[in-house]
Amino acid sequence: MTTAVLNAASDSEGYHAPGPASFDLPPVFSIGDFGVTKPMLLLVLSVPLIVGFFWAASKNKAVVPGKLQFAGEYVYGFVRNGVARDSIGSHDFMKFVPLLFSLFTFILVNNYFGLIPFLQFPSFSRFSFVLPLAALVWLVFNGVGVAKHGFLGYLKHVTVPGGISGPILVLIIPLEFLSTVLVRPVTLALRLFANLFAGHLLLILFATGAAYLILDSGNPWYIPVGALSFVLGIAVSFLELLVLFLQAYVFTLLTAMYIGGALADEH
């Protein structure tokens with residue numbers, strides 16, 4: 001939690017509950033008229049951190065891996081075998097492993113920035129940061145589908161379920177087109193954004209509420225409630241450890257499933 005957020009939570013007029021404005025951080029510095037904010041810097045910082053970690057994990061490769069090599073191989077194997085191969089199939093999965101591995105590690109590191117002291121901001125709690133990822137996934141799974149089936153063949157593939165014919169297709173085709181082609185990138189982006197936004201907002205609420213009740217309320221009866229809020233904040237932080245991982249996993253898994261569905265021979 002940033003000091004600015006904590007300070008903004010209370011003033012002479014009392015406690016102010018956190019809201020969407022708590023995510024509008026001021027620029028750290030400006031380049032001309034363009035303000036560079038903390039979420040932007042975190043997004044950029046994640047790239048050398050990921051590259052540096054996996055470079056260090058792979059530079060001294062050994063038959064019996066050390067801890068760092070084991071960690072790197074475990075993450076790679078998790079995405080390669082547990083996500084890509086299981087969802088896309090053994091024939092085509094390898095060409096998509098770099099994309100899925102990059103998505104998983106990029107989202108995971110940026111998610112955990114929300115729990116690292118002094119950083120404490122999950123980058124993808126900004127919707128504008130999630131949209132490009134969802135747009136990339138949309139381009140990839142539709143692109144590979146068109147490449148395999150042809151444009152008209154892909155449209156038929158995604159809109160006409162196998163074994164269904166007759167007048168009912170008048171209803172099914174628009175619904176399938178809407179859900180498969182148009183809605184998927186929106187739900188993919190909203191799921192990641194909403195979970196990170198809500199989780200971080202909850203942490204801000206517990207932290208600022210505890211600070212106000214203990215330090216600024218002026219009522220000693222509120223201090224135990226503030227202490228309880230502080231403890232609950234810590235408990236939610238541990239829960240967030242799991243949620244942040246799951247959101248990176250779900251985004252990557254759904255991407256693999258969309259690609260696998262686009263490459264499948266039948267709807």
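Mentor: Rings first: those of Phe, Tyr and Trp (its six-membered ring) pair if their centres lie within 6.5 Å, with planes under 30 degrees apart called stacked, over 60 edge-to-face and the rest tilted. Bear in mind that this is a predicted model, where local features need pLDDT of at least 70 and side-chain atom pairs count only at pLDDT 80 or more, while totals for chains, interfaces and linings use all residues. Residues are numbered from 1 along each chain as its sequence is written, and side-chain values use heavy atoms, with hydrogens and water left out.

Trainee: Let me zoom out a bit. In what order do the elements of the chain run?

Mentor: Helices (H or I, at least four residues) and strands (E, at least two) are DSSP runs, numbered from the N terminus. The chain has 8 helices and 4 strands. Starting at the N terminus, the order is α-β-β-β-β-α-α-α-α-α-α-α.

Trainee: And what share of the chain do buried residues make up?

Mentor: Buried is under 20% relative accessible area, exposed is over 50%, and partly exposed is in between (1.4 Å probe, protein chains only). The C-alpha trace spans about 70 × 60 × 45 Å along its principal axes. Of the 267 residues, the buried share is 39%.

Trainee: Back to rings. How many aromatic pairs does the structure hold?

Mentor: A pair of aromatic rings is described by the distance of the centres and the angle of the planes. Going through the structure pair by pair, the total is 16.

Trainee: Take Tyr15 and Tyr212: is their aromatic pair stacked or tilted?

Mentor: The rings sit 5.5 Å centre to centre, and their planes are 40 degrees apart. That makes this pair tilted.

Trainee: How many residues apart are Tyr15 and Tyr212?

Mentor: Tyr15 is in strand β2 (residues 14-15) and Tyr212 in helix α7 (residues 169-216), so the pair links distant parts of the chain. Tyr15 is partly exposed at 27% relative accessible area, while Tyr212, at 18%, counts as buried.

Trainee: What about Phe104 and Phe245, tilted or edge-to-face?

Mentor: Their centres are 6.0 Å apart. The planes make an angle of 85 degrees, so with a cut-off of over 60 this pair is edge-to-face.

Trainee: Which helices hold Phe104 and Phe245?

Mentor: These two are 141 residues apart, so again distant parts of the chain are linked. Phe104 is buried with a relative accessible area of 3%, and Phe245 is partly exposed at 28%. Phe104 belongs to α4 (residues 97-112) and Phe245 to α8.

Trainee: Now helix packing. Are α5 and α8 roughly parallel or roughly antiparallel to each other?

Mentor: Axes are lines fitted to C-alpha atoms, for helices over the stretch in contact, and angles run from 0 to 180 degrees between N-to-C directions. Helix α5 (residues 127-149) and helix α8 (residues 223-263) come within 8 Å and cross at roughly 20 degrees. Angles under 35 degrees count as roughly parallel, over 145 as roughly antiparallel, 65 to 115 as roughly perpendicular and the rest as oblique. So α5 and α8 are roughly parallel.

Trainee: How many nonpolar residues are in the contact of α5 with α8?

Mentor: Contact means heavy atoms within 4.5 Å. By that rule, residues of α5 including Val137, Phe141 and Val144 meet residues of α8 including Phe251, Ile259 and Leu263. Ala, Val, Leu, Ile, Met, Phe, Trp, Tyr, Cys and Pro count as nonpolar, Asp, Glu, Lys and Arg as charged, and the others, Gly among them, as polar. Alongside 3 polar and 1 charged, the nonpolar count is 11.

Trainee: At what angle do α5 and α7 pack?

Mentor: Their axes are 9 Å apart. Among the residues of α5 that meet α7 are Phe127, Leu131 and Trp138, with Leu188 and Phe193 among those on the α7 side. The packing angle is about 145 degrees.

Trainee: Last one: how far apart in space are Leu263 and Phe141?

Mentor: Leu263 lies in α8 and is buried at 11% relative accessible area. Leu263 touches residues including Ile88, Phe96 and Val144, leaving aside those up to four places away in sequence. Leu263 and Phe141 are 122 residues apart in sequence, and C-alpha to C-alpha the distance is 8.4 Å.
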